Amino acid sequence: MRSFAKINIFLKITGFRGNYHELSSRFIICDWLYDEVELVKRISDGLIIDNPFSDNIIFKAYDALVALGFSKQLEEFFKFHQVSLIKNIPVGGGLGGGSSNAATFLHLVNDTLNLNISQKKLMQIAHNIGADVAFFVSKFKAANVSGIGEIVEEFDDDIPNLDIITSPIFCSTPKVFNQYRANFNGFDESLARDLKKLKSSEILVNFTNIELNDLLKPCQQIYHELDIANDEFLSGSGSTKFKTKNLT
């Protein structure tokens with residue numbers, strides 16, 4: 001099953017909730033960039049075949065299902081099966097690859113093992129796994145995401161054609177958010193409310209990256225080698241950039 005990447009058209013910090021940052025953001029699915037997640041016959045040790053990403057939150061998704069009471073079904077199934085994970089989405093690029101993997105795993109296991117977990121319950125589970133997982137579980141093409149990722153509202157968007165520019169730079173999300181908080185200058189909640197109402201094509205024509213992404217400055221303060229051209233936008237807290245093409 002394809003495990004799609006996402007980009008943030010905008011990302012505004014709107015509040016603090018303890019150690020967490022509340023946000024207002026537009027997530028859109030990049031259906032041309034994806035990992036591949038499959039449940040296959042067991043060929044090696046571990047949950048994931050030849051797993052180079054020991055911190056992939058598929059493990060958290062598994063534990064969440066165990067906590068929900070499906071331990072017996074999971075143990076029996078994974079005696080003879082494993083997760084095949086083929087990574088194409090850059091790690092630390094702000095594209096939500098790990099969160100997408102976890103959401104895809106939840107759907108695969110729910111369907112394959114006939115667990116009959118409702119979509120509403122899957123969304124609740126997803127929120128407890130990671131901030132972006134609920135969006136991927138929703139399977140929305142575009143959504144306004146707020147709170148600490150638990151509020152996912154489908155948005156009827158006009159998504160422009162985009163070029164994705166990946167980077168070998170690994171950006172640590174916790175470090176970027178901590179840098180933002182260390183240099184906090186106030187929330188721009190008014191702009192956040194306005195952006196939620198606009199189509200993505202309108203947003204990218206009328207606003208600059210520095211207006212749209214509150215994490216741009218802290219990200220560049222940490223990762224000085226991260227260059228961004230005037231017509232490029234940073235996705236989330238990662239190093240991936242995007243720009244519009246054939247957009248007037």
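Helix axes are lines fitted to C-alpha atoms, and the angle between two of them runs from 0 to 180 degrees between N-to-C directions. Keep that in mind for this predicted model. Two packed helices are described by the angle between their axes and the distance between the axes.

Start with H2 and helix H3 (residues 119–129). They pack at an angle of about 145°. Their axes lie 11 Å apart. The crossing of H2 past H3 is right-handed. On the H2 side, the contact uses Ala102, Leu106, His107 and Asn110. Gln119, Leu122, Ile125 and Ile129 meet them from H3. Five of the contact residues are nonpolar, three are polar and none is charged.

Now turn to the other partner, helix H1. H1 covers residues 58–77, and H2 covers residues 97–112. Their axes come within 10 Å and cross at roughly 15°. Angles under 35 degrees count as roughly parallel, so H1 and H2 are roughly parallel to each other. Their crossing is left-handed. H1 brings Ile58, Ala61, Tyr62, Leu65, Leu74 and Phe77 to the contact. H2 answers with Asn101, Ala102, Phe105, Leu106, Val109 and Thr112. Ten of these residues are nonpolar, two are polar and none is charged.

Conventions: Residues numbered from 1 in each chain as written. Predicted model: local features only at pLDDT ≥ 70, side-chain atom pairs only at ≥ 80, totals over all residues. Heavy atoms only, no water. Helix = DSSP H or I, 4+ residues; strand = E, 2+ residues; numbered from the N terminus. Parallel < 35°, antiparallel > 145°, perpendicular 65-115°, else oblique. Left-handed = near helix turned anticlockwise from the far one by under 90°. Contact = heavy atoms within 4.5 Å. Nonpolar A, V, L, I, M, F, W, Y, C, P; charged D, E, K, R; others polar.
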